[in-house]
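This briefing covers the ligand surroundings, selected strands, backbone exceptions and a surface patch. Please consult the sequence and the structure shown here alongside the text.

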Amino acid sequence: MNAQAQPTLLNSKVESFINRPRTVLIDGRWVAAKSGKTFDVFDPSTGHPIAKVAACEKADVDIAVAAARKAFDDGPWPRMTPSERGRALWKIGDLILENLEELAQLESLDNGKPIGVARAADVPLAADLFHYMAGWATKIEGNTIPLSVPYAPGAEFLAFTRKEPIGVVAQIIPWNFPLLMAAWKLGPALTTGCTVVLKVAEETPLSGLRLAELCQEAGLPNGVLNLLTGFGETCGAPLAAHPRVDKVAFTGSTEVGKLIVKAAANDLKKVTLELGGKSPNIILDDADTELAIAGASNAIFFNHGQCCCAGSRLFVQEKKFEDVVEGVTKFAKGIRLGPGLDAQTEMGPLVSQTQLERVSGYLRSGADEGAKALCGGKRRGDTGYFVEPTVLVDTKPDMKVYREEIFGPVVTAIPFKDVDDDLINRANDTVYGLAAGIYSKDLARAHRIANRLRAGTVWINCYNIFDAALPFGGYKQSGWGREMGHDALSNYLETKAVCAGI
Ligand code: ADP
């Protein structure tokens, strides 16, 4: 444990960024909330306030949506050439890379994640998403369609489809990968020619604010991106329900996802959702043991378990159960906890007091219901929101720790006897369907299992592999639609059929 270690000094740009109260971006201008209200942002490794941001509410949402509406209806963004839009997106990707260190430090400070992870994963992946989506701007094409029209014999038509931007998009994102989630949302929306009001999470608004500055620097016209900071109920809810918004894209809890659907139902806005998970990670008896242990550990402990796709149900075939569980427990015990900005840190704090209480509640409930913690099982220290990496055994399918998404570094290890229908049924026995993992040297066997898992992503002999080109999203209550890849474009496009008699 290294929770008391001195963090590396902040980059001077980061220091000056957090020392000024932050405003929000509406119609190309940085403004305070209409009410003048602000709220504090906290360092999760100490619980101390580090910055102040604007507390936007319905009045700010109204102005931001009006700006996005004007930028969409009057242009120029949706009517610029695809090549011009693509170049602006590419520039955003370049600017993210040019400011990698500053963004990584902001992310680590605000979210608590290890600085090395922010440098190697969050920031480069965000840049890559913009670069990937930049290429799509010039490749969004409709079809020409030969018609038969039985009631118009001999008539000729020229029929084709146009792919048009859906309009003004409200985007609401969570705190676990703040910059990356902003990139996942903005990339496809902007490349298709939509305009956006993005609300970042109240726990982690800083990197999104800096990203919005970079988007301006890249030349996005006024009103194309409007970025708000504020709370879910007072800022997110009026945004999701706003009558002048055409589509809502949300990433967060399944509980709030259902509220978003209700808010959008009134005027039948299009909705995409990326929600929770309780993903099975299945280790077969012929798996490479070292690879499986490293993979199972990464599946649950990466980002402190604060991943919607975390491999939180670890199914291990009986012959390997002891070795794998022992290996994952050893790995968990060796993880260095500390502030994200300390270069030695391997796992930071949870993001907030609320998450600390939530995860601690699950740990208590597991213990009360008879689950055994082979390591961890409690908070670490009394400063910041640190929770020990935890491996649970002796769990039962009706326990809360087995069924519900914990969103912390807590894995439930479950033995199974045979690779049969029962295993598949147990793996699929969840309301979620976001991701799954399989470890086996027999690839044919692994693929047969993969085909039967009801999950949007299946990793085989790897876990947590993300790429701008690879679609990500959920079956069942894990969501609607896909992020990334060319699948994401369809979330932001309408199809117009044009039919001309010739
Ligand atoms: P978590 O429980 O992990 O904090 P949430 O789903 O509550 O995740 O939050 C994800 C995002 O949804 C945040 O930006 C939050 O402000 C926003 N949010 C929360 N409640 C609502 C709501 N009722 N309507 C719209 N957005 C909301």
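How many bridges join strand E13 to E14, and do they run parallel or antiparallel? Strand E13 (residues 372-375) is joined to E14 by 3 bridges, and the two run antiparallel. The model is predicted: local features need pLDDT of at least 70, side-chain atom pairs count only at pLDDT 80 or more, and totals for chains, interfaces and linings use all residues. Residues are numbered from 1 along each chain as its sequence is written, and side-chain values use heavy atoms, with hydrogens and water left out.

- Helices (H or I, at least four residues) and strands (E, at least two) are DSSP runs numbered from the N terminus, and two strands pair if DSSP finds at least two bridges between them.
- Lys372 stands opposite Val393 in E14.
- On its other listed pairing, E14 is joined by 3 bridges to strand E15 (residues 410-416), and these two run parallel.
- Leu392 has Thr412 in E15 as its bridge partner.
- From strand E14 (residues 390-393), Thr390 and Leu392 point one way while Val391 and Val393 point the other way, and all are buried.
- Buried means under 20% relative accessible area, exposed means over 50%, and partly exposed lies in between (1.4 Å probe, protein chains only).

**Strands E11 and E12**
- Strand E12 (residues 313-317) is largely enclosed by the rest of the structure, because 5 of its 5 residues are buried.
- Arg313, Phe315 and Gln317 point one way from E12, Leu314 and Val316 point the other way, and all are buried.
- Over 4 bridges, strand E11 (residues 280-283) pairs with E12 in the parallel sense.
- Pro280 is the residue opposite Arg313 in E12.

**Ligand surroundings**
- There are 17 residues around the ligand, of which Ile173, Trp175, Lys199, Glu202 and Ser253 come nearest; a residue is near a molecule if one of its heavy atoms lies within 4 Å of it.
- A polar backbone atom of Ile173 is 2.8 Å from an oxygen atom of the ligand.
- For Trp175, a polar side-chain atom lies 2.9 Å from an oxygen atom of the ligand.
- An N or O atom in the side chain of Glu202 is 2.6 Å from an oxygen atom of the ligand.
- The ligand taken alone exposes 560 Å², and the protein buries 85% of that.
- Accessible areas come from the Shrake-Rupley method with a 1.4 Å probe; for residues, only the protein chains shown count as cover.

**Backbone exceptions**
- Most residues other than glycine have a negative phi, and most peptide bonds are trans.
- Gly75 and Pro76 are joined by a cis peptide bond with omega of about 10°, and Pro76 is in the loop between helix H2 (58-73) and helix H3 (82-98).
- Leu268 has a positive phi of about 50° although it is not a glycine, and its place is the loop between helix H9 (254-265) and strand E10 (270-274).
- Leu268 is exposed, with a relative accessible area of 69%.
- Met484 also has a positive phi, near 60°, and lies in the loop between strand E20 (479-480) and strand E21 (493-501).
- Met484 is buried, with a relative accessible area of 3%.

**Surface patch**
- Ile145, Leu147 and Phe157 make a nonpolar surface patch of about 230 Å².
- Phe157 is found in strand E5 (residues 157-165) and counts as partly exposed because its relative accessibility is 31%.
- Patches are made of residues with over 30% relative accessible area and no salt bridge, with like charges joined within 9 Å and nonpolar side chains (Val, Leu, Ile, Met, Phe, Trp, Tyr) within 5 Å.
- A salt bridge is a side-chain nitrogen of Lys or Arg within 4 Å of a carboxyl oxygen of Asp or Glu.

Note on methods. Polar contact = N/O pair within 3.5 Å; in protein donor to acceptor, adjacent residues only side chain to side chain.
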